[in-house]
Amino acid sequence: MAEPSQGDAKLWGPLAAPSLDDIEALAVEALEALPEPFRSMSRGLECRIAEFPTEEICTDMALESPFDLMGLFEGIGMTDDGIVPHTGQMPNRVWLYRRPILDYWAEHTDTLGEIVTHVLVHEIGHHFGLSDDDMYAIDDGLR
């Protein structure tokens, strides 16, 4: 392998991995691009970005590594919720985990925006009450 030249160092030197804010901007863009009625039905859904899932989530989900989870839906799916929210019920929330997303991005050919959108849409599917099996079937049907 050839030694990197000074020009290569100038090209790569100022670059940095996308930040939490960068991932959030991609998520906002993906939310705004959702077709209706999904966009309006997702309005009350919070989207949060974190480096990794918490240790508690990793334990609860029996993850081998925090890199095994790129996103998580937290709350009660619309099909399981009543007309009136339960007292003290927190808003539904989608978590996107930056480091696992970046790890996946580094190993695949999808753009970062495509990956963030895919993870976000998958977690929003849980907000609508879809199971993982439902979403895999939908995803397979789109291919």
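Is Ala62 buried or exposed? In this predicted model, Ala62 counts as exposed because its relative accessible area of 64% lies above the cut-off of 50%. The residue is placed in the loop that runs between helix H4 (55–60) and strand S2 (71–74), and although Ala62 is not a glycine, its phi is positive, with a value near 55°. Most residues other than glycine have a negative phi, and most peptide bonds are trans.

## A cis peptide bond

The peptide bond that joins Glu36 and Pro37 is cis, with an omega of about 5°. Pro37 itself belongs to the loop between helix H2 (20–32) and helix H3 (38–41).

## Overall architecture

The protein chain contains seven helices and three strands, and these elements follow one another along the sequence in the pattern α-α-α-β-α-β-β-α-α-α. Among the contacts with a separation of 6 or more, 68% are made by residues 24 or more positions apart.

## Surface and burial

Of the 143 residues in the protein chain, 28% count as buried. The accessible surface of the chain comes to about 9700 Å², and carbon and sulfur atoms account for 56% of that area.

## Cysteines

The structure holds zero disulfides. Cys58 has a relative accessible area of 13% and is therefore buried, since the limit for burial is under 20%, whereas Cys47, at 23% relative accessibility, counts as partly exposed.

Note on methods: Residues are numbered from 1 along each chain as its sequence is written. This is a predicted model: local features need pLDDT of at least 70, side-chain atom pairs count only at pLDDT 80 or more; totals for chains, interfaces and linings use all residues. Side-chain values use heavy atoms; hydrogens and water are left out. Helices (H or I, at least four residues) and strands (E, at least two) are DSSP runs, numbered from the N terminus. Buried means under 20% relative accessible area, exposed over 50%, partly exposed in between (1.4 Å probe, protein chains only). Contact means heavy atoms within 4.5 Å. Accessible areas come from the Shrake-Rupley method with a 1.4 Å probe; for residues, only the protein chains shown count as cover. A disulfide is a pair of cysteine sulfur atoms within 2.5 Å.
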